[in-house]
Amino acid sequence: MRTRLKAVAGNRPAPRREEILKLERISKGFHTAGGYLSVLEDVGFQAESGELVSILGRSGCGKSTLLKIVAGFVSPSSGKVLLNGIPVKGPGPDRCVIFQEDALFPWLTVGENIAFGLKGRKQSRKAKAGEVSRFLNLVGLSEFRDYLPSEISGGMKQRVALARVLILEPEVLLMDEPFASLDAQSREEMQHLLLTLWQELGHTILFVTHDVSEAVILADRTLLMSKNPGRIREDIPVNLPRPRERESAAFAGLSRRLHAALRD
Ligand SMILES: Nc1ncnc2c1ncn2[C@@H]1O[C@H](COP(=O)(O)OP(=O)(O)OP(=O)(O)O)[C@@H](O)[C@H]1O
Ligand SMILES: [Mg+2]
């Protein structure tokens, strides 16, 4: 495993970090039956290595489109995405995406689903099995290795989805409302798990949500998007110490501010 130890976990002073991802003047429109629809206009931002950036905006503002452009699934109409200074031309193993309902292979066990992406790797079977064990353990599913997806809960499926991409060691993790379909308690557990994994593994994460408290509990920074066309309206640092207390006055204050901004 590449060592990318998280340097900004907890409240230690953050050392200088490198810029890993840069979006330059991204615009995207679609030709639809109703005419040309401008979805994103002049979107630009940077993320540093190991940063957890949330993208917050109302339904239809272009969050998923933006994430798909970073993933390389969709080409921008203009502008570019740079990863470590190199323009993104399409999907690549350096970026992995997790969606709201991540489809696992129903005929494969939990362990086999997690191992799937290692197929092409030149590693012994034993080494691969060891990696799978490590990631099963990281997401708390060691005892469920031989279960099928139909035999586990929605929250557990999202844990498998997380392990399945983390084992590939992407530099950037792109998450599109990954916990939106979970009940409140499972959702909080997943947020906690994501923070633990992030602090251990140190990925750079773009986390799309329209849930204010999710953005405040997770992010180093929140990019607030406006709609029609989608733009980054504000770049708001979340300077709350970790672990964050949902009941604290500072948490409530920032949440109120973001709620108000979303309503505007
Ligand atoms: N392939 C496409 N063709 C035409 N229009 C599209 C296409 N993809 C997205 N759109 C339009 O772009 C706009 C933004 O869609 P997008 O899915 O990016 O929004 P979103 O912010 O992710 O919304 P939600 O919070 O509901 O997931 C919508 O109006 C949508 O209809
Ligand atoms: Mg979306």
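Q: Which element gives the largest share of the shell around ligand 1?
A: The answer is α1. This helix supplies 3 residues, the largest share of the shell around ligand 1. Keep in mind that this is a predicted model.

Q: Which elements each supply at least two residues of that shell?
A: There are three names to look up: β1 (19-32), β2 (35-48) and α1 (63-71). Each of them supplies at least two residues of the shell around ligand 1.

Q: Which residues come nearest to ligand 1?
A: Look for F30, S59, K63, S64 and T65. They come nearest among the 13 residues around the ligand.

Q: How do the residues of the shell divide into nonpolar, polar and charged?
A: The shell around ligand 1 has 8 polar residues, 4 nonpolar ones and 1 charged one.

Q: How far can I trust the model? What is the mean pLDDT of the chain?
A: pLDDT is the predictor's confidence in each residue, from 0 to 100. Here the chain has a mean of 92, and 94% of its residues reach 70 or more. Residues 1-13 are another matter: their pLDDT is below 50. That stretch still has 21 contacts in the model beyond near neighbours in sequence.

Q: Now the strands. In what order do the 4 strands of the open sheet stand?
A: Read them as β2-β1-β4-β5, with antiparallel pairing. The edges are β2 and β5 (86-87), each of which pairs on one side only. Helix α1 packs on this sheet and touches β1, β2 and β4 (78-83). The direction of α1 makes about 60° with that of β2.

Q: How many bridges join β1 to β2?
A: Those two antiparallel strands are joined by 10 bridges. One pair to find is E19 with its partner E48 in β2.

Q: Is I26 buried or exposed?
A: Count the C-beta atoms around the residue. A residue is buried if 20 or more others lie within 10 Å. I26 has 24 C-beta neighbours inside 10 Å, so I26 counts as buried. I26 sits in strand β1. It touches L40, V43, G44, I69, P76 and G79, leaving aside residues up to four places away in sequence. S77 is 51 residues from I26 in sequence, yet their C-alpha atoms are 7.5 Å apart.

Q: What about R25: is that residue buried or exposed?
A: R25 is exposed, because 12 other C-beta atoms lie within 10 Å. R25 too is found in strand β1. Side chains in a regular strand alternate between the two faces of the sheet.

Q: What should I look for in backbone angles?
A: Most residues other than glycine have a negative phi, and most peptide bonds are trans. R25 has a positive phi of about 45° although it is not a glycine. N228 also has a positive phi, near 55°.

Q: Where is N228?
A: N228 lies in the loop between β9 and β10. This hairpin has 4 residues between its strands. N228 counts as partly exposed because it has 13 C-beta neighbours inside 10 Å. The peptide bond from N228 to P229 is cis, with omega near -5°.

Q: Which other peptide bond is cis, with omega near -5°?
A: Go to the bond from R242 to P243. P243 is in the loop between β10 and α7 (249-263).

Q: How do β9 and its partners run: parallel or antiparallel?
A: Take each pair in turn. β3 (residues 52-56) and β9 (residues 221-226) run parallel, joined by 4 bridges. S54 pairs with T222 in β9. β9 and β10 (residues 231-237) run antiparallel, joined by 6 bridges. There, S226 has R231 as its bridge partner in β10.

Conventions. Residues are numbered from 1 along each chain as its sequence is written. Chains are lettered from A and ligands numbered from 1 in the order in which they are written. This is a predicted model: local features need pLDDT of at least 70, side-chain atom pairs count only at pLDDT 80 or more; totals for chains, interfaces and linings use all residues. Two strands pair if DSSP finds at least two bridges between them. A residue is near a molecule or strand if its C-beta atom, placed from the backbone, lies within 6 Å of it. Ala, Val, Leu, Ile, Met, Phe, Trp, Tyr, Cys and Pro count as nonpolar, Asp, Glu, Lys and Arg as charged, and the others, Gly among them, as polar. Two residues are in contact if their C-beta atoms, placed from the backbone, lie within 7 Å. Axes are lines fitted to C-alpha atoms, for helices over the stretch in contact, and angles run from 0 to 180 degrees between N-to-C directions.
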